[in-house]
There are 2 protein chains.
Amino acid sequence: MTEFTRYKLTIEYDGTGLVGWQRQENGLSVQQLLEEAAQKFCRTYDPEQNRFYAAGRTDAGVHALGMVAHVDLPRDDEPFKVMSGLNYHLHNGPVAVLKAERAAEDFHARFSALKRYYRYHIICRDAPLTLQKHKAWQVRDKLDTDAMREAAAHLIGKHDFTTFRSVQCQSESPVKTLDSLEVIEAGEHVYVDCSARSFLHHQVRSMVGCLYYVGKGKWTPDDMKAALEAADRTALGFNAPPDGLYFVKVDYPD
Amino acid sequence: MTEFTRYKLTIEYDGTGLVGWQRQENGLSVQQLLEEAAQKFCRTYDPEQNRFYAAGRTDAGVHALGMVAHVDLPRDDEPFKVMSGLNYHLHNGPVAVLKAERAAEDFHARFSALKRYYRYHIICRDAPLTLQKHKAWQVRDKLDTDAMREAAAHLIGKHDFTTFRSVQCQSESPVKTLDSLEVIEAGEHVYVDCSARSFLHHQVRSMVGCLYYVGKGKWTPDDMKAALEAADRTALGFNAPPDGLYFVKVDYPD
């Protein structure tokens, strides 16, 4: 009988040009790149039998600084060797393994997660982006971050986030608890940092899209409150593009 | 007689895949992209007659956060229109104009410059880069930044920098005054910031290559002193790659 070792992997990726975390027919995914690298690293590994599972299934164009995934490999190697071996077969592409660790048999990257952190990066300037092309969202407006903070305060806590949910969302309930939603200004850069146990599909990009409306003065902070309370997708401002969104990290029990 | 207006332009570019600032037969340059955009923006502009001049002629793969250039255009437009028009014709490519200003007739981006600032970005980690691929130099070593600072101190001031000069360097003298050379550590990131009135060809990348030798313990800070005093190119450690180098900004007289 084959012995498997469960590995917890911390993964960075540039989501530009990828279809997102999950395998799809229409393009390259993070999951497919990792599973193909694992097959080359470990010839008896079968992705049909042992998938890579991630803490969050990011969309096309969304990036990760510290996504966490787990996989069962049919061998017991030093974690450093697993990291190096996977990176070797990832060929300096859009995905890299930052860290590998042996994990308990019952560790699950998705179901064991206690808290997820996202960052959204907006750059306010007239010129198009060059060095940060596809890595941030460029807007021509000067944003009022005080108003954005006032609007953000309405979203923190336990709410029905139906307004900020995509039609494809598979979550059982639209009720989620948003632990933090911070707006940080640094020169022409505006960062929106948020954390929660879990998020609805498109929730972060929807919240950022509405915060942008508030920042440019199209909405008041009270409009954000009204949009939330409407619990109605048609009350949504719009989704910010994927380019500026980063999956930052995950908390697990010690 | 055609009236010309001289514009001072602040320019950002992603040098990945470009042959550098200056026009060359073997690939696309920043200068060529700007001159072609200016021809589309202004049909009577002739690049053969009025070149774009830059404060620094960066090499292939080197980036700029705030390169300054000047050009004489055969029309007098509002600076904002010049910026927007050039950016429109730069098509969201690797070069963008951050700012345009009307400049005095005797302003020269290269010859009026009082001080130039460069930054070199090193990332110390085992995993290959994804989001910052071609935007930093990844090294697997943990660098001793205290030793790097001690070595850097030997280079500050007026010296014969022959050791750190490329064979292609066209500067009349190898004697330059290095005003500052700082080593900044932030987690896995190491930044080397420097400024001087002017630099020799490859000087920054050569200094960073030697600082890297000191950081990894291959050289002592005294070896840096000896390399400088040798005033001999064969005493050079090596040139750091262009990926991590950024032309940051230029000072001009008020």
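Which residue of chain A forms a salt bridge with Arg125(B)? The partner is Glu12(A), and the closest N and O atoms of the pair are 2.8 Å apart. A salt bridge here is a side-chain nitrogen of Lys or Arg within 4 Å of a carboxyl oxygen of Asp or Glu. Side chains of opposite charge can pair when their charged atoms come close.

This is a predicted model, in which local features need pLDDT of at least 70 and side-chain atom pairs count only at pLDDT 80 or more, while totals for chains, interfaces and linings use all residues. Residues are numbered from 1 along each chain as its sequence is written, chains are lettered from A and ligands numbered from 1 in the order in which they are written, and side-chain values use heavy atoms, with hydrogens and water left out.

The relation between the chains comes next.

Where the chains meet, 26 residues of chain B are in contact with 26 residues of chain A, contact meaning heavy atoms within 4.5 Å. The copies meet through the same surface, because 100% of the interface residues of chain B are also interface residues in chain A. About 1,900 Å² is buried between the chains, and carbon and sulfur atoms give 62% of that area. Buried area is the accessible area (1.4 Å probe) that two parts lose on being put together, summed over both.

Two salt bridges are found across the interface of chain B and chain A. On the side of chain B that touches chain A, β1 (5-13), β3 (63-73), α2 (79-90) and β4 (95-102) each supply at least two residues. Helices (H or I, at least four residues) and strands (E, at least two) are DSSP runs, numbered from the N terminus. The largest share of this side, four residues, comes from β4(B).

Chain A itself is divided into domain 1 (5-102) and domain 2 (115-251), with bounds from an automatic or database domain assignment. Their contact takes 16 residues from domain 1 of chain A and 16 residues from domain 2 of chain A. The centres of the two domains, taken over C-alpha atoms, are separated by 28 Å. Between them, the domains bury about 1,200 Å², 58% of it on carbon and sulfur atoms. Asp59(A), His63(A) and Leu65(A) supply 39% of the area that domain 1 of chain A buries against domain 2 of chain A, more than any other three residues.

Asp59(A) also forms a salt bridge with Arg205(A), the closest N and O atoms being 3.7 Å apart. Across the interface of the two domains of chain A, two salt bridges are found.

Over all chains, the whole structure has 34 salt bridges. One of them joins Lys135(A) and Asp14(A), with the closest N and O atoms 3.2 Å apart. Lys135(A) lies in the loop between β5 (115-124) and β6 (137-139) of chain A and Asp14(A) in the loop between β1 (5-13) and α1 (30-41) of chain A, so this pair ties together parts that are 121 residues apart in sequence.
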